[in-house]
Amino acid sequence: MVDHETIIFDFDGTIADSLMLVISIFRELTGWRGARTPEDVARMRRLPIRKVVKEVKVPLYQVPPLLMRGRKMMAAQIAEVPLFDGMHEVIQKLHAQGHRMLEMSTNSTQNVESFLRLHHLEEYFDAVYG
């Protein structure tokens, strides 16, 4: 008897190729125009949120409302976010092998669920946690 494991997926950057949309929303919300090169973007992604906030000169108290607005903006454009090449097949195969699959994300549950429905993946996940 095979003991099937639970597999937890991240959303942005693992299943959804959302980086360019996230950068676009971030720039629109903050007015910040830095991180022009892929190296700059990679550096910013490695920083703790407090350092990002300091670098883009956004007061810490404004972060929660900006995140809420950003999630709403993402919801309006979720259909434009592509699925990473090959992920549909990977998810199907893991499901067929009997693995329990969960989706956890800092994105909203609604955005993740909408994306999974659009890409016909919702049936493979046991739960989504945003």
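User: Which residue just after H6 takes a positive phi?

Analyst: The residue is His120, whose phi is about 55°. Please keep in mind that this is a predicted model, where local features need pLDDT of at least 70 and side-chain atom pairs count only at pLDDT 80 or more, while totals for chains, interfaces and linings use all residues. Residues are numbered from 1 along each chain as its sequence is written, and side-chain values use heavy atoms, leaving out hydrogens and water.

User: How many helices and strands does the chain have, and in what order do they run?

Analyst: Helices (H or I, at least four residues) and strands (E, at least two) are DSSP runs, numbered from the N terminus. Here there are 6 helices and 3 strands. Start at the N terminus and you read β-α-α-α-α-α-β-α-β. The C-alpha trace spans about 55 × 25 × 25 Å along its principal axes.

User: Do S1 and S2 run parallel or antiparallel?

Analyst: Two strands pair if DSSP finds at least two bridges between them. S1 (residues 6-10) and S2 run parallel and are joined by 5 bridges. Within this pair, Ile7 stands opposite Met101. S2 also pairs with S3 (residues 127-129) in the parallel sense, over 3 bridges, and there Glu103 faces Val128.

User: Which residues of H6 are buried, and what covers them?

Analyst: A residue is buried under 20% relative accessible area, exposed over 50% and partly exposed in between (1.4 Å probe, protein chains only). In H6, the buried residues are Asn111, Val112, Ser114, Phe115 and Leu116. Their cover includes H4, S2 and S3. Across the 130 residues of the chain, 36% count as buried.

User: Where does His99 lie, and why does it count as buried?

Analyst: His99 sits in the loop between helix H5 (87-96) and strand S2 (100-104). His99 counts as buried because its relative accessibility is 17%.

User: What does His99 touch, leaving out residues up to four places away in sequence?

Analyst: Contact means heavy atoms within 4.5 Å. By that rule, His99 touches His4, Glu5, Ile7 and Leu94. Ile7 is the residue we met opposite Met101. Over the whole chain, 73% of the contacts with a separation of 6 or more link residues 24 or more positions apart.

User: Which side chain makes a polar contact with that of His99?

Analyst: A polar contact is a pair of N or O atoms within 3.5 Å; within protein, one must be able to donate a hydrogen and the other to accept it, and residues adjacent in sequence count only if both atoms are side-chain atoms. The side chains of His99 and Gln97 are joined by one of 3.3 Å. A polar atom of the His99 side chain also lies 3.3 Å from the backbone oxygen of Glu5.

User: Is Arg43 buried, partly exposed or exposed, and which side chain does it contact?

Analyst: Arg43 belongs to helix H2 and counts as partly exposed because its relative accessibility is 32%. The side chain of Arg43 makes a polar contact of 2.6 Å with that of Glu55. Now look across the model: the C-alpha atoms of Arg43 and Gly98 are separated by 38 Å, with the two residues 55 apart along the chain.
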